[in-house]
Amino acid sequence: MRLCFLLFSILAAIRQGDSASSKYWVFPLTSNISLRETYILPSTLLFENSTCGVRLASNSGKSMGFLFEEVYVGDVSFELSFNCFTLPQTNSYQAILNLIFAGEGYSLSSQSAGILGQFSIKTHSSIDYTWFTFTNRTSSRTVSTSPRLTDGRVRFVRRSSALSAFYWKDGAWNEIVYSTTLPAGQPMLLPGPLRLGVLVENNWVSSYSIGLRRALIIPDEDGDGAIDDAEALMGTSPSSPDS
């Protein structure tokens with residue numbers, strides 16, 4: 001299966017650079033990565049680590065991230081759990097953690113160019129808030145919550161070409177709905193093929209450290225409510241809602 005091949009490629013090597021042979025692309029990391037292959041329904045778990053996770057850290061302010069090779073053409077949900085979000089810069093905004101939906105030809109070396117949808121998590125060392133914002137590069141929705149979250153869960157979703165975003169707090173998923181650019185109830189659209197990834201923008205700080213505990217992607221190419229892996233097991237077509 002493509003998922004197993006991807007996971008074995010991740011376990012075999014973490015590659016530096018962007019080449020056609022890379023199954024998994026990552027900026028240099030400062031600590032070892034411990035990944036575990038897990039295949040479950042109704043979700044596909046891509047990695048999990050119980051401590052400070054897959055750590056994206058920099059002492060030189062360099063932006064870091066990684067990109068999954070799979071291309072998603074229909075509905076998809078991307079959930080990320082983060083922790084150990086340190087606040088090394090005094091009286092300052094910290095580095096920004098982003099879940100990204102990018103075009104097929106996107107490369108992390110191009111940073112923001114080619115990112116079509118972006119869900120950002122931002123904190124400040126002196127202001128006890130976390131800000132969540134997501135955008136399709138035309139419109140955006142945002143919310144803030146206090147106290148700040150140095151450990152948390154976020155979810156970026158495309159369903160019927162419409163984007164939505166959620167953060168976990170007080171035992172429930174909270175949808176981000178406030179917008180100064182979209183009328184109430186109007187969807188934020190992002191059609192077309194997508195690649196998913198994580199990007200930490202340095203946001204003008206000289207150092208940061210963020211742990212990623214868990215990444216979970218749930219694809220439903222035909223939008224019929226049955227995820228692709230479940231359809232494969234049932235013998236139905238993941239690309240046809242009538243199967």
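## Aromatic and charged contacts in a predicted model

Phe101, Phe119, Phe132, Phe134, Phe156 and Tyr167 form one aromatic cluster.

### Aromatic pairs

The count of aromatic pairs comes to eleven. One of them joins Phe119 and Phe156, whose ring centres are 5.7 Å apart; the planes meet at 55°, so the pair is tilted. Phe119 belongs to strand β7 (residues 115–123) and Phe156 to strand β10, so this contact ties together parts that are 37 residues apart in sequence. Phe119 counts as buried, because its relative accessibility is 0%. Phe156 likewise has a relative accessible area of 0% and is buried.

Phe132 and Tyr167 form an aromatic pair that is stacked, with 4.6 Å from centre to centre and 10° between the planes. Phe132 lies in strand β8 (residues 130–135), whereas Tyr167 lies in strand β11, so the pair ties together parts that are 35 residues apart in sequence. Both Phe132 and Tyr167 are buried.

### Charges over rings

Lys122 lies over the face of Tyr93, at 4.6 Å from the ring centre. In a second contact of this kind, the charged end of Arg153 sits over the ring of Trp168, 4.5 Å from its centre. Arg153 also takes part in a salt bridge, with Glu79.

### The salt-bridge network around Glu79

Side chains of opposite charge can pair when their charged atoms come close. Across the whole structure, four salt bridges are found. Glu79, Arg153, Arg155 and Arg214 are linked in a network of such bridges. The bridges that involve Glu79 include the following.

| Salt bridge | N to O distance |
|---|---|
| Arg153 and Glu79 | 3.0 Å |
| Glu79 and Arg155 | 3.1 Å |
| Glu79 and Arg214 | 3.7 Å |

Arg153 lies in strand β10 and Glu79 in strand β5, so their bridge ties together parts that are 74 residues apart in sequence. Arg155 is also placed in strand β10, and its pairing with Glu79 of strand β5 ties together parts that are 76 residues apart. Arg214 lies in strand β15 (residues 208–220), so its bridge to Glu79 ties together parts that are 135 residues apart in sequence.

Is Glu79 buried or exposed? Glu79 has a relative accessible area of 5% and is therefore buried.

### Backbone exceptions in loops

Most residues other than glycine have a negative phi, and most peptide bonds are trans. Cys84 has a positive phi of about 50° although it is not a glycine. Cys84 is located in the loop between β5 (75–83) and β6 (96–102), and is partly exposed, with a relative accessible area of 23%.

Ser161, again not a glycine, has a positive phi of about 70°. Ser161 is found in the loop between β10 and β11 (162–169). With a relative accessible area of 29%, Ser161 is partly exposed.

A cis peptide bond joins Ser146 and Pro147, with omega at about 0°. Pro147 is placed in the loop between β9 (140–145) and β10 (152–159).

Methods. Residues numbered from 1 in each chain as written. Predicted model: local features only at pLDDT ≥ 70, side-chain atom pairs only at ≥ 80, totals over all residues. Heavy atoms only, no water. Helix = DSSP H or I, 4+ residues; strand = E, 2+ residues; numbered from the N terminus. Buried < 20%, exposed > 50% of the residue type's maximum accessible area, 1.4 Å probe, protein only. Phe/Tyr/Trp six-rings, centres within 6.5 Å; stacked < 30°, edge-to-face > 60°. Lys NZ or Arg CZ within 6 Å of the ring centre and 35° of its normal. Salt bridge = Lys/Arg side-chain N within 4 Å of Asp/Glu carboxyl O.
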